[in-house]
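Q: Hi! Could you walk me through the charged pairs in this protein?
A: Happy to, let's look at it together.

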Amino acid sequence: MDGKPLVTDNALDFGDLLPDGGALLGLDVGTKTVGVATCDAGWRFATAGKTLSRGKFSKDSEALRALVQDRSIQGAVVGLPRNMDGSEGPRAQASRAYARNLSAALNLPVLLWDERWSTASAEGAMIAQDLSRAKRAEKIDSHAAAVILQGAIDALAGGGLSLA
């Protein structure tokens, strides 16, 4: 990374920063919570983790720093909430700012990944597992983070498409 953290929408650029793979962190950043997921170093499977309550960025980054160190995370994938027409509104701008701050705080490359339909996909999978509404509400953000991360690692493992 030449000492400079990088935030990109391009999976190919992101993959070039991680030529030997490495475990990744997936984040679904909301206004009240951050859904967390991780994947293995071979970029095969994303696994839902916990959901963090949003606080000040310094609190968020400390919780994520501990996870990064514990799991030897090499990069992060942050969901980019685009509108259905592909345009970006205030939530996308907030996610871009969060990604820049995260990259600088943790000294990691960050890939912004289009998260349209991630929550709906996660909820559909949880309904198929027959989880109650209460359980779904509790786990939706981390499962959406896993959907976001899985989409990114599928693209990275398959040659790195830019789908954000």
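**Salt bridges, one at a time**

A: Let's begin with R65, which counts as partly exposed at 26% relative accessibility. Keep in mind that this is a predicted model.

Q: Which residue does R65 form a salt bridge with?
A: Its partner is E62, and the closest N and O atoms of the two are 3.4 Å apart.

Q: And where do R65 and E62 sit?
A: Both are in helix α2 (residues 57–71), three residues apart, so about one helical turn separates them. E62 is partly exposed too, with a relative accessible area of 45%.

Q: OK, new topic. How many salt bridges does the count come to?
A: The count is seven. One of them joins R82 and D9, with 3.6 Å between the closest N and O atoms.

Q: Where in the chain are R82 and D9?
A: R82 is in the loop between β5 (73–80) and α3 (90–106), while D9 is in the loop between β1 (7–8) and α1 (11–16). The pair therefore ties together parts that are 73 residues apart in sequence.

Q: Is R82 buried or exposed?
A: R82 is buried, because its relative accessible area of 18% is under the 20% cut-off. D9, at 21%, is partly exposed.

Q: Which residues are linked with R82 and D9 in a network of salt bridges?
A: E88 and R96 are linked with them in that network.

Q: Last one: what about D40?
A: D40 forms a salt bridge with R44, where the closest N and O atoms are 3.1 Å apart. R44 is exposed, with a relative accessible area of 53%.

Terms used
Residues are numbered from 1 along each chain as its sequence is written. This is a predicted model: local features need pLDDT of at least 70, side-chain atom pairs count only at pLDDT 80 or more; totals for chains, interfaces and linings use all residues. Side-chain values use heavy atoms; hydrogens and water are left out. A salt bridge is a side-chain nitrogen of Lys or Arg within 4 Å of a carboxyl oxygen of Asp or Glu. Helices (H or I, at least four residues) and strands (E, at least two) are DSSP runs, numbered from the N terminus. Buried means under 20% relative accessible area, exposed over 50%, partly exposed in between (1.4 Å probe, protein chains only).
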